[in-house]
Amino acid sequence: MKGTSRLASLKPAREFFDRNRVSIPRNFGEFSVRLSANLRYFQSNYILLGLIAVLYSLITNLWLLFVVGYVIFGVHFISKLPPEGPVSLFNGKVVITSSQAWLALSISAFVLLFFTSASSTIFWIASVVIGVVALHAGFMEKPLEDDFSAVV
């Protein structure tokens with residue numbers, strides 16, 4: 001339900017990329033007011049921008065995509081295990097409990113994420129998205145709806 005309302009609140013691209021509303025703020029106070037108003041107004045567009053950055057980074061780093069898939073599959077598999085008692089795998093050759101499986105998944109995921117440089121990817125995504133959003137929201141003039149909402 002929340003996802004559909006989030007999609008419905010996306011602003012049109014012509015409004016999001018309206019070059020007529022872009023101007024340099026006079027001071028930091030005006031920049032802050034614009035930033036606050038536009039973060040609320042274009043919130044869904046900014047979330048979509050962040051998701052696009054995440055998808056781009058996963059597509060361009062296939063090892064990271066593999067590790068994310070591995071973790072998702074592992075979490076799904078382990079959540080299906082019975083919480084009490086051991087489970088035998090590979091025709092009884094391996095016997096594990098769900099807590100041992102969680103531990104093995106955590107350690108292997110940590111090592112794999114370390115070798116795929118996931119932390120640098122996360123910092124890259126955060127830096128790019130925060131920078132682009134701050135520049136867009138700070139230099140875009142406040143939406144007209146904000147001016148009329150103060151009157152009501």
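The largest nonpolar core has 10 residues: F16, Y41, F42, Y46, A53, I125, V129, V133, A137 and M140. A nonpolar core is a set of buried Ala, Val, Leu, Ile, Met, Phe, Trp, Tyr and Cys residues joined through side-chain atoms within 4.5 Å. Buried means under 20% relative accessible area, exposed over 50%, and partly exposed in between (1.4 Å probe, protein chains only). This is a predicted model: local features need pLDDT of at least 70, side-chain atom pairs count only at pLDDT 80 or more, and totals for chains, interfaces and linings use all residues. Residues are numbered from 1 along each chain as its sequence is written, and side-chain values use heavy atoms, leaving out hydrogens and water.

- A second, separate core has six residues, including I78, L81, V87 and L105.

**Helix α6**
- Helices (H or I, at least four residues) and strands (E, at least two) are DSSP runs, numbered from the N terminus.
- Helix α6 covers residues 98–115, which is 18 residues.
- S98, A101, L105, S108 and A109 are buried in α6.
- These buried residues fall within an arc of 105° seen down the axis, so they line one face of the helix; the arc is that of the directions from the helix axis to the C-beta atoms.
- An α-helix has 3.6 residues a turn, so residues three or four places apart point the same way.
- On the other side of α6, S99, L103, F110 and F114 are exposed.
- The cover over the buried residues of α6 includes α5 (62–79) and β2 (94–96).
- S117 follows α6 and has a positive phi, near 55°.

**The whole chain**
- The protein chain has eight helices and two strands.
- From the N terminus on, the order is α-α-α-α-α-β-β-α-α-α.
- The radius of gyration is 23 Å, well over the 15 Å that the globule rule gives for 152 residues, so the chain is more spread out than a compact globule.
- That radius is taken over C-alpha atoms, and the globule rule is 2.2 Å times the number of residues to the power 0.38.
- The C-alpha trace spans about 70 × 35 × 25 Å along its principal axes.
- Buried residues make up 27% of the 152 residues.

Notes: Expected span 1.5 Å × (residues − 1). Contact = heavy atoms within 4.5 Å.
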